[in-house]
Amino acid sequence: MGAMFRSEEMALCQLFIQPEAAYTSVSELGEAGSVQFRDLNPDVNAFQRKFVNEVRRCDEMERKLRYIEAEVNKDGVHVPAVKEPPRAPNPREIIDLEAHLEKTENEILELSHNAVNLKQNYLELTELKHVLEKTEAFFIAQEEIGMDSMTKSLIVDEAGQQAATRGRLGFVAGVVQRERVPAFERMLWRISRGNVFLRRAELDKPLEDPATGNEIYKTVFVAFFQGEQLKSRIKKVCTGFHASLYPCPPSNTERQDMVKGVRTRLEDLNMVLNQTRDHRQRVLASVAKELASWSIMVRKMKAIYHTLNLFNMDVTKKCLIGECWVPTADLPNVQKALADGSNACGSSIPSFLNCIEADEEPPTFNRTNRFTRGFQNLIDSYGVASYRECNPALYTIITFPFLFAVMFGDLGHGFIMALFGGWMVAKEVSLAAKKSNNEIWNIFFAGRYIILLMGCFSMYTGLVYNDIFSKSMNIFGSSWTIPYDNETMKENAALTLDPVDSYINVPYFIGIDPIWQTADNKIIFLNSYKMKLSIIFGVLHMIFGVCMSVVNYNFFKRRYSIVLEFLPQVIFLCLLFLYMVFMMFYKWVAYSTFSEDQAYTQACAPSVLILFINMMLFSSDTPEPGCKEFMFEGQGQIQMAFVLVALCCIPVMLFGKPLYLLAASKRKKNVKPENSNGSVNPGIEMQEQTDITEESIPKPAPKESHDHDEEPFSEVMIHQAIHTIEYVLSTISHTASYLRLWALSLAHAELSEVLWNMVLTFGLKDHNYIGAIKLYVAFCFWALFTLAILVMMEGLSAFLHTLRLHWVEFMSKFYTGLGYIFQPFCFKTILEQDDNKDD
């Protein structure tokens with residue numbers, strides 16, 4: 001039962017494991033997920049640890065798995081999910097798995113290499129076919145024009161020896177990437193001084209890059225020239241622009257024969273490519289079935305060896321020693337895991353578990369379930385609780401959604417929020433299996449139970465406020481009647497209802513009377529009502545926080561703080577601010593319209609705020625004739641006594657604890673300390689895993705992180721002065737801070753009313769078919785603004801303000817939050833973290 005109110009009790013244990021059983025034992029502990037190992041080799045480099053070679057083997061297997069997974073994803077092969085994660089492989093299976101991964105990688109590498117070569121050949125043949133076809137079109141076009149370009153010279157012989165140098169033109173054909181064509185043309189023009197005739201034609205369909213599989217667009221070109229020197233230059237330019245050159249016969253017959261041969265080779269190569277692709281698909285499909293299991297097994301292996309690197313070898317090199325934090329409630333599970341690990345490898349020597357004493361503060365472990373995890377995360381976001389410190393998450397389950405609902409009180413908006421939260425809770429199994437990468441959705445889903453409770457509490461406060469989409473419900477019948485006749489009501493735009501004549505002296509069954517929905521002074525009435533509610537809830541919330549400190553003082557054996565800190569604090573808070581709450585209730589009960597004593601009628605009701613200010617300033621006001629300054633006899637003397645007692649509590653808070661600790665430290669100097677030989681239990685023997693009982697577990701001494709008992713008197717005095725000043729000032733500022741409950745509630749109600757009057761009412765004015773269209777459009781906009789502004793934006797604002805009230809106003813009274821979280825060695829957590837990194 002105590003685990004609900006504070007963190008789990010932890011034990012520091014030593015593990016003595018035989019080297020042959022170390023792997024299987026740590027594997028069983030990873031499946032159990034109940035131990036957090038300590039590093040016993042903090043000064044040893046990561047590359048000098050005992051199991052570094054095994055970690056490297058796991059890294060190499062992970063690299064192979066990443067390559068195989070990349071190839072599987074590249075081909076679009078479906079990888080089925082693992083229904084039940086496999087256990088970590090034993091050492092024999094590791095060798096088989098490593099060999100299998102090596103064989104699979106080599107096979108896929110060979111298939112990929114062959115596929116790239118085949119695709120490269122296919123690409124070259126395809127380009128050659130296009131070159132032959134396009135050049136054929138060039139020559140046919142030239143013959144139709146009648147240009148004998150193959151027998152005429154482009155260079156005119158200035159010396160008149162044209163006939164001697166006249167001959168056939170040479171040409172070069174190939175393909176170049178389309179985006180390089182303009183620069184390619186300019187370069188050919190420059191190197192030939194305009195003596196190259198270039199023809200080009202773009203390919204209609206893109207080609208596939210053999211290496212990457214991306215689409216590439218290319219252009220076929222034919223460059224005509226004269227002279228071997230110019231031919232050499234052109235080839236160098238083609239090489240520089242990564243243009244592919246292909247042989248092209250000059251005669252038409254040879255070109256046609258070559259095209260036929262290329263097409264035949266393309267058909268054969270296409271068939272080979274299809275067969276290679278099918279074989280690759282079969283190989284990858286068979287690999288994909290085991291890929292997820294292999295990945296989990298390798299990650300578990302790597303985690304085991306990383307954990308074994310935290311162990312230390314004993315002097316005889318025959319035993320591995322490890323230290324770990326274990327929740328005392330999980331010690332039987334750890335013992336069973338060690339026994340299973342020893343039995344799995346057939347070790348004749350059992351593993352031992354030895355609980356030892358620890359000087360350092362243990363980690364904080366709060367056991368949660370799906371419902372409480374979200375609330376615990378809210379607390380941990382402020383700071384992880386110190387070891388065995390009172391856990392506020394249990395009380396936050398009720399106080400958080402309630403304070404949220406005070407600001408968000410609307411039956412309609414609360415129903416929408418509860419509906420959304422209820423849907424996420426009902427579908428949580430299927431929604432959790434989808435593992436979305438959307439960060440906003442993941443935040444909503446993690447807080448689904450918080451959203452559900454906030455919606456339900458908002459529906460309740462909306463019922464109390466009698467507010468549903470800014471409208472009131474007259475369920476139980478109003479307690480007010482209208483004494484005026486119809487003619488009087490028609491003649492006057494506004495009439496005042498006197499409670500003597502109109503109120504039946506029986507309050508509305510629950511919440512606010514619906515008559516206030518139509519009243520002109522609705523805002524004034526609700527302001528007063530919600531402001532008082534905010535102060536009442538705020539003072540009660542703070543008193544509860546101060547009272548929670550008693551639980552910590554008692555548990556940590558600091559009972560002197562109950563007298564020297566808690567009592568002065570709670571007396572100070574109650575005599576001033578709880579007394580103000582009492583005056584609110586007394587005013588509601590004592591003053592009435594129907595009172596026979598004029599001093600206790602509503603006209604003579606004093607202002608609680610003015611009374612409180614006069615109380616703090618020791619001043620007074622002159623009451624109206626027939627009225628009294630105070631609510632009851634002797635109130636002035638009682639208030640003066642309350643203020644004086646509250647002021648006397650301040651020096652007790654300031655000097656009480658330091659002076660007590662000073663006296664206690666002087667007494668300790670006269671007591672001789674006992675000798676201790678360290679953190680290990682003196683004389684304790686190693687115990688087999690079945691022999692440990694709760695009585696034999698050394699319990700870490702609970703100590704508060706914020707305790708300054710061992711510090712010098714000056715330091716204690718400074719800290720106490722800071723705490724005292726902070727507390728006295730915070731009682732005022734924190735009480736005022738709770739007025740945000742009133743402010744946000746009022747703002748939410750007014751925004752809701754504005755949306756109704758400015759948007760939806762627009763569609764309710766006309767009563768014909770045009771009004772139906774207007775109403776449809778107006779409702780769409782009203783629903784959109786309601787969801788976007790009132791539910792989401794206002795809900796987020798109220799959530800943040802509620803979070804601040806818990807973190808600052810409530811938890812600061814007793815919560816230190818200076819602990820560190822318990823992070824057990826758990827395969828499930830490791831796999832989830834790896835999956836999140838991959839996403």
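Trainee: What is the handedness of the crossing of α19 and α20?

Mentor: Two packed helices are described by the angle between their axes and the distance between the axes. A crossing is called left-handed if the near helix is turned anticlockwise from the far one by less than a right angle, and right-handed if clockwise; the crossing of α19 and α20 is right-handed. Helix α19 (residues 560-590) and helix α20 (residues 608-617) pack at an angle of about 145°, with their axes 10 Å apart. Axes here are lines fitted to C-alpha atoms, for helices over the stretch in contact, and angles run from 0 to 180 degrees between N-to-C directions. The helices themselves are DSSP runs (H or I, at least four residues), numbered from the N terminus.

This is a predicted model, in which local features need pLDDT of at least 70 and side-chain atom pairs count only at pLDDT 80 or more, while totals for chains, interfaces and linings use all residues. Residues are numbered from 1 along each chain as its sequence is written, and side-chain values use heavy atoms, with hydrogens and water left out.

Trainee: What is the mean pLDDT of the protein chain?

Mentor: pLDDT is the predictor's confidence in each residue, from 0 to 100. The mean for the protein chain is 87, and 91% of its residues reach 70 or more. Over residues 146-167, however, the pLDDT is below 50, although this stretch has 25 contacts in the model (heavy atoms within 4.5 Å) beyond near neighbours in sequence. Residues 675-691 also have pLDDT below 50, with 26 contacts beyond near neighbours in sequence. Where pLDDT is low, the predicted coordinates should not be read in detail.

Trainee: At roughly what angle do the axes of α21 and α22 cross?

Mentor: The axes of helix α21 (residues 635-669) and helix α22 (residues 713-737) cross at roughly 160° and come within 9 Å. The two are therefore roughly antiparallel to each other, given that angles under 35 degrees count as roughly parallel, over 145 as roughly antiparallel, 65 to 115 as roughly perpendicular and the rest as oblique. Their crossing is right-handed. Among the residues that meet are Ile650 and Lys657 in α21 and Phe713 and Gln720 in α22.

Trainee: How many salt bridges does the structure hold?

Mentor: Side chains of opposite charge can pair when their charged atoms come close. The structure holds 29 salt bridges, each being a side-chain nitrogen of Lys or Arg within 4 Å of a carboxyl oxygen of Asp or Glu. In one of them, the side chains of aspartate 75 and arginine 280 meet at 2.8 Å, N to O. Aspartate 75 lies in the loop between α3 (52-74) and α4 (91-145) and arginine 280 in helix α8 (residues 252-308), so the pair ties together parts that are 205 residues apart in sequence.
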